[in-house]
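Take a look at the model shown here. The paragraphs below lead you through a few of its local features.

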Amino acid sequence: MSERPDRFGVDDIAERAEKAFAEAVDLDALEEARVRFIGRKGEITTLLRSIGSLPNEERPAFGDLVNDLRERILGLYERRKGALSEGAAEEDYFSGDPTLPGRRVLLGGRHVLHQVLRDIKRIFFGMGYSLAEGPDVELDYYNFEALNFPPDHPSRDTQDTFYIDRDILLRTQTSPVQVRYMEKHKPPLRIIVPGRVYRNESPDPSHASEFLQMEGLYVDRNVSLADLRNDMTYFVRAFFGSDAKVRFRPHFFPFTEPSAEADMSCFACRGSGCSICGRTGWIEIMGAGMVHPHVFRNAGYDPDAYTGFAFGLGLDRIAMLKYGIDDIRRLLANDLRFLRQFWAETAGEVFE
Amino acid sequence: MKISLSWLKRYVPIEEDAATLARDLTMFGVNVEGIESLAPPFTGVVLGRVLEVKKHPGADRLSLCTVDAGGARPLGIVCGAPNVAAGMRVAVAVEGAVLAGGLRIKKSKIRGVVSEGMICSESELGLSENHGGIISLDFDGKPGASLEGKFGQSEHVFDLEVTPNRPDLLCHLGIAREIAALYRRKLVIPDLFDLGAGGDFNLKIESGADCPRYTAAFIDDVTIAPSPAWMQNLLMSVGLGAINNIVDATNFVLMELGQPLHAFDRDTLAKDSIVVRRAKKGEKIVTLDGVERELDPGILVIADDARPIAVAGVMGGRDTEVKADTKRLVIESAMFDPRLVRNARQRLKLDTEASYRFEREADIGIMMDAAARACRLIHEMGAGTPSAACAELLDDSRNIERRTVSLRVSQANRVMGTELAGDDIAALLDRLDLSSRSYGDTVHVSIPTFRRDIMEEIDLVEEAARVYGYENIGRDESARCSIFSEVPAEDMRKDSLVGFLVSRGFAEVVTSSFMDPADTGRMGWDGRDERAGPLRVTNPLTEAQSALRTSLLPGLLGVVRRNTRAEQEEIRLFELGKVFLPGPERAGLPREELHLAALFARHSVPLQWMEPRRQSDFFDMKGELEALLDRLGLAQEAKMIKPHDGKGQIFLWLLGGAVLAEGGLIAKGVSEEFDVDSPIFYFDLRLDVLPPAGAGWPRFEAMSQYPAVKRDLCIVVADKVRYAEVRNIIKKQAQYLDSIRVFDYYRGGHLGEGKRSYTFRLSFRSSEGTLDSIAVDREVQRIMGALQRELGAALRTE
C-alpha cells in the first residue's frame, strides 16, 4: 500500500495520529487524541463526508483508502491503549500528572574563565606540557630584570605596574615563572603556567586591572620557531575548531627573540572581515617567541646548548572572543544571570 | 605613532594601496593598528573649462581668463601660470573656497582687474610642492563639479605600534627603510645642507656620559613667516600644528629623521654660550608651555652663561624661544642619556615628542645630518642663511662607527627551524641596510648606528627570520614530543573539588585580588587577626582597590549583595583562589594561601511543588563542608571546635594542629555592612594545609555478607548534653555497630524544661555471622547503660 501514490493527500494522517498517541501520557490524553482522529466528529469522518465532492468513478477507491486508514489508526490506538493500561493498572506514581516538573536540586557551574582555562589545560596536557605555578606578588627581579627588561627602560612602560614597595610588585605577566622554573629544573622541560596578572590601567570594556594569563615554555636542545608554530597551530585548531588558521607576525618582547604575535583567522567571518576582527579577518590571540639568550643565562642555562620557545595567552580575552562577551569587567562581577549562560557543557572536543 | 603615506613616498616608491601596505608592514613586524583617511585639504574647488585667454592689460606675466565653472555666466579670472590655455580643463577655486594652507578665496582686484576666483596649481591644492603651473585635468565631468576627493590623493595616515626596541622606526625615513627592505626597493635619502664642524662658539659639556654628542648649527638673517603649504599639510597629517617656518622645519626633521631638534634665539643667549650640565638644586626654568618648573641635580639642562634655557631632551625654555622678531638661531641636535630624560620627564610630568624619542635612545650617528637637514629646509624656504660650520662635541668618536656583530649560520637555522645557506642569510640582512658577508658558518654583519637594538647573534637571527617571513617557516612533520605531561596531583584534586561543588549546585565565582582596606573593619577583624593587616599597593587605582585580599569573604559578600539586588533567590557560591597574608615566607614575599570559601544565602532549594521551600541554614553549610571533607578523606581526622575567643556563631575545623576550615554564620552586623539583610552562612577552607594529594590510595576491604539488624533508640537527656557526646559513647560501647543515624531531635515542649531528645537508628552487623536478637539486645543494653551512667540519659517511651 505504501508504494501507492498518495492521490488524495491523506497519508500523513496516520503519521500524525501515531505521533499524537505517543505523546499522550495517560489514558485521558489518549482518549482525547482518539476522538480527534477517529471520533464521530474526527478527521476520518470529515474525510469520508468529503466523498460527495469526488467524481463517481473515483469514489470507490477513495472509500477503500479511507477505510484502510481508519483501520490503521485504530490499530495504533489499540496498541498504545494497551501500553498505557498496563501502567494504569498499577499504583499512580505520579500524582495524577506526570507532566509536572521533576524534583530538582540547584544547578551549579564553573566560572566561564575557569571553564576556558580547564579546556585549554586539557589540550596542552595532551601535547605533553606539565603544569607550573608562581606567586602573584613577585620580585621586580623575576618580573622584569631576569626577563631582560633593563631598569629604567621604556619597555617597562608597556606594562603599568602595581608596586608593594621598591622591589616587590604584583606580577604583570606570568613570565616570571619561566626563570623561577628554570632555576629549579634542568631541561628538557615543557610547561604551562596559568595565573592572575595585574596591570595598573583604568578599567574599560577591554581592559581590566587584573586578568588571567597563561604562559607556556618549552626548552630542549633543538627547539625552533617551527616547533612554536606547530604547537600553537595545533592548540588554536583544537580549541577553536579544525578550520582555524594561525599566522605569526614579527613583534617585540624583551624576553624573546625572534618575537611574534600570533593571530587566528576570525571564527565569526572566517577571514572575510567583520566587526569582531576589526575587518582584518584576523584576531590577535597571543604573544610568543624564542627564549632570549639573556633569559637563559639569568636562569643558569647555556644558550648555545639549549633553545626554547615561550608564549602567553590572555584567557579573559579568549573567553570574550569565544563567547561574544562585550565587557571584560563582567567576568569579575559574578552576576549569576551572566555566569549561568556558560554552564552548559559545550566545551569543544578536540577537532570536533 | 602617526605616519603619512604621501610623506613616506618622498623616500621610497610605493605603488601598493594603503590597505595592502598596512597588511604587509604588519606581517613584517611593524604593526599597523589603524588607517585614517584624511580628506584633501581644500574645499570649494570645482572643475572648470578655460574658454578664452587674453593678456592682462597691466602685467606681462598675467593672463585674463574666461572660465566656465558651471555658473550662469563664465567667470573672469586672473592667472599667472605660463601654461594656461584655452580649452584646458582646470581646477577653479571659486569665491568662498578654502585652499591648502588655509587661504580663503574672495573676489579681488589684481593689478586693476577683478578676478572672480583662482585657477589652482598642485601646490595650492596640497597635492605636491609643484607650483610651477596650473593642473591640467584629464578627467570628464561637467564644469562646476566639485573636485573634493577626486584626486585619489587624499591622505592616508597609518597609526603604528612601534615597540620600545625600535626607536629608529619613530620617523618616516625609518618606516620607509622597512618598506624598501620589504619590497626590495631603493631608499631615497633626503638632501642635506653641506655642513661641517669647526664653527666658533662657546659650547661646553660637563659630562660626556650625560651628553655623548652635541651639535649646534647656526642660522643668520632669519625671517619668520608661515612655512609652505606642503610642509604644513604633512605636519598636520601627523597631528602637529603649523607654527612658523623655523619651528615647522625642526618638527619636520623630527618626523622625517626621528631626531628631535630645538631652535634657540641666539640673541637671547647670555654671553653667546651653551653649556650642558646638571641642574642646580632649586634652579628654576619657565618652559615653553609657560609653566615655571623647579629643577634638581637629577635633571640635565641646557644652559647659557646665566641660567637653564632648556630641560635636556624634554622641552625648551620660554626666554630663548623663537619669536616673530628672531634674527639669529642656534639649532641644537644632540644626544642625552635616556635615563636622565626619563627621570626629568617623570619628575616634571612632561611628556613630549622629544622625550619619547630620547628615552628610547637617539641615534648618535645622525646628529650632524639632522642639523644639516634642518639647515637645508630653512635655506630652501628662504627663512634664513645657514652657516657652513657648526659647533660639535662628540665624547667618543668610536660611538658613531658601525659595529660588527656575527651570526652562526647553524645556530640561526637551529633557532628558526630552517635550512638556509650563509649567503641566503646575508642577502636577507642586506635588505635592511645590515651589510653582511658570509664566510663558512659565520656571517659578519656591519651594524649602522641607528640599529642600536642589534647587539648580538640572536638579534640578527630575528631580523633574518623577519625578512625571510615567519609565514615561510614551518615544518610538515608533526610536533615532536619527548617530554611527557606531569600534572600535579594537587591540581587534579583542586579540579575535582570544584567539580564536586558544581554538582552540589554551587556557582563558581572569580573575584578581585584587591580588597578595600575598610573591609577589615566591616568584617570585624580585630588587631590580633592576621587578616586585619593587608598588604598595601603603593600606587593603587582607587582606595577601594588599594590592599590585597587577606580573605575571600569580602569579595564573596560583594557577590551576594550584587545578586540579592538582582533578585536571585537561591544563592550558593564558592571561590577557589589565593589570599595574601603579610609575614614573609621567602625572599621578602608575602604568604600566598590557597583558600576555598563557600557562601549560602537566601533559599537553599528551588521553589517547587512537592515540598516546602527552605532558607539556607547552618546545617546546609555544615553538610556541604562534611561532604567535602569526606571527598578529601578527612571526615574522621577533622575536628570541629568552638574557638575560645570565638565571637558569634563561628566554628573551626582542625586538622592536626592546624586550622583547616572556619565556618558558621556571618555576623548580622557584617552582613548589614554589605547590604544583605538575610542570614549568610559560610565556610572557608585552607587548601594549603591539606595532606599531599594522591599520597594514600584507598585499600579494598571485604564487605560483610551477613544481614544487618536495625534498632531505633530514642533517648532523653539534659539540655546541656550534645549529640557528639552521645554518639561517641554509642560508638565506644558497641561491638557490631555498622552505622548510626540521628533522625529526630526535639527540645523542650512536653519533655519539660531543660530536656532534649535524640532518636537514633542503629544498624548492627557482623562480618563473622548473622547476629541474633540476643546479641543485638546485649549491644543495646550496654549502650543504654553507659548513656545512663555517663549522661543521665533515659529511654523515651510513649
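**A walk through two chains**

A:Pro258 sits in strand β7 (residues 256-265) of chain A. Strands (E, at least two residues) and helices (H or I, at least four) are DSSP runs, numbered from the N terminus. The model is predicted: local features need pLDDT of at least 70, side-chain atom pairs count only at pLDDT 80 or more, and totals for chains, interfaces and linings use all residues. Residues are numbered from 1 along each chain as its sequence is written, while chains are lettered from A and ligands numbered from 1 in the order in which they are written.

A cis peptide bond links A:Glu257 to A:Pro258, with omega about -5°. Another cis bond joins A:Pro187 and A:Pro188, with omega about 5°. A:Pro188 belongs to the loop between α7 and β4 of chain A.

Helix α7 (residues 176-184) of chain A is mostly covered, with 7 of its 9 residues buried. Buried means 20 or more other C-beta atoms within 10 Å of a residue's own, exposed 12 or fewer, partly exposed in between; C-beta atoms are placed from the backbone. Among the buried residues are A:Val177, A:Arg180 and A:Tyr181.

Now chain B. Phi of B:Lys349 is near 50°, a positive value in a residue other than glycine. B:Lys349 lies in the loop between α6 (338-348) and α7 (353-359) of chain B. This residue counts as exposed because B:Lys349 has 7 C-beta neighbours inside 10 Å.

B:Arg602 lies in strand β30 (residues 589-602) of chain B. Its phi is near 55°, a positive value in a residue other than glycine. With 19 other C-beta atoms within 10 Å, B:Arg602 is partly exposed.
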